Amino acid sequence: RDVSVVAFRGTNDASVFKVREAVHRRLLPLTVQYMMGYDDAQGDMTGADIDISKFTIPMNQFSEAVGYFVEASKLLGLGKVFVTGHSLGGALAAMVGCLVRDTMAVTFNAPGTQEAMSKSPLNFRFSSVYNFRANYDPVSKCGSHVGVVHTLDIPQINKHSMANLLDTLSRVGRARKEPPAW
């Protein structure tokens with residue numbers, strides 16, 4: 001069956017428009033990476049991070065994320081579309097996954113978003129989210145997570161690193177005889 005993934009990146013200062021242009025020109029493969037992190041309205045990279053830490057939805061980036069997800073889903077065609085992300089991108093993925101029907105979200109070291117979604121007038125459903133987080137990661141310890149939380153023991157010093165989290169996930173996967181039941 002056809003499966004596509006829309007990935008939201010964590011905080012950085014990359015331009016949203018470069019990626020959007022690449023999608024329109026069909027230069028990106030079925031896995032579309034949307035580089036999030038720059039909040040045009042506030043003029044800095046940390047506006048959305050501050051909103052999340054205050055248990056508030058970063059509306060500028062969230063509305064962009066929903067719009068992009070809908071646009072990418074149409075472009076990718078029929079089939080199951082998953083949404084994923086790391087850190088701030090994971091928070092956005094969790095919120096998109098809880099808002100858009102029949103969409104599953106997988107997050108990596110994302111802050112919890114339950115408080116922010118609970119305060120919102122939007123119709124979020126609190127399911128279909130799988131959260132992978134490193135023990136002692138300061139970002140993913142912020143807030144309450146929606147869905148299932150898998151906490152992994154990360155031996156490296158940088159607990160928030162996506163590379164270290166993926167390394168641990170691959171070692172755990174190799175040690176298992178069967179895939180996890182999602």
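Reader: Let's start with Y136. Which two strands does its loop sit between?
Author: This is a predicted model, so we're reading a computed structure here. One of the two strands covers residues 129-134 and the other covers 148-152, and Y136 has its place in the loop between them. Those strands are β5 and β6.

Reader: Is Y136 buried or exposed?
Author: Look at how much of Y136 can be reached: its relative accessible area is 61%. The cut-off for exposed is over 50%. Because 61% is over that cut-off, Y136 counts as exposed.

Reader: What is phi of Y136 near?
Author: Here's some background: most residues other than glycine have a negative phi. Y136 is a residue other than glycine with a positive value, and its phi is near 70 degrees.

Reader: Okay, on to D102. Where is its place, and what is its phi near?
Author: D102 has its place in the loop between α4 and β4, the latter being residues 104-108. With a relative accessible area of 58%, D102 is exposed. D102 isn't a glycine, yet its phi is positive, near 60 degrees.

Reader: T151 lies in which strand, and which residues does it touch?
Author: T151 lies in strand β6, and it's partly exposed, with a relative accessible area of 45%. Its C-alpha atom is separated by 6.0 Å from that of F132, which is 19 residues away along the chain. If you skip residues up to four places away in sequence, T151 touches R133, A134 and N135.

Reader: How far apart in space are F8 and Y68, C-alpha to C-alpha?
Author: F8 is found in strand β1, residues 3-8, and it's buried, with a relative accessible area of 2%. Along the sequence, F8 and Y68 are 60 residues apart. In space, C-alpha to C-alpha, the two are apart by 10.0 Å.

Reader: Which residues of α4 make the contact with α3?
Author: α3 passes α4 in a right-handed crossing. On the α3 side, the contact is made by Q61, F62, A65, V66 and F69. On the α4 side, it's made by L88, L92, M95, V96 and L99.

Reader: How many disulfides does the count come to?
Author: A disulfide is a covalent bond between the sulfur atoms of two cysteines. C98 is a buried residue, with a relative accessible area of 0%, while C142 is partly exposed at 23%. To count as a disulfide, a pair of cysteine sulfur atoms has to be within 2.5 Å. By this rule the number of disulfides is 0.

Reader: Zooming out, in what order do the elements run?
Author: The protein has 6 helices and 6 strands. Read from the N terminus on, the order is β-α-β-α-α-β-α-β-α-β-β-α.

Reader: And what percentage of the residues count as buried?
Author: The accessible surface comes to about 9,600 Å², and 56% of that belongs to carbon and sulfur atoms. Among contacts between residues at least 6 apart in sequence, 60% join residues at least 24 apart. As for burial, the protein has 182 residues, and the share that counts as buried is 46%.

Definitions and conventions
Residues are numbered from 1 along each chain as its sequence is written. This is a predicted model: local features need pLDDT of at least 70, side-chain atom pairs count only at pLDDT 80 or more; totals for chains, interfaces and linings use all residues. Side-chain values use heavy atoms; hydrogens and water are left out. Buried means under 20% relative accessible area, exposed over 50%, partly exposed in between (1.4 Å probe, protein chains only). Helices (H or I, at least four residues) and strands (E, at least two) are DSSP runs, numbered from the N terminus. Contact means heavy atoms within 4.5 Å. Accessible areas come from the Shrake-Rupley method with a 1.4 Å probe; for residues, only the protein chains shown count as cover. A crossing is left-handed if the near helix is turned anticlockwise from the far one by less than a right angle, and right-handed if clockwise.
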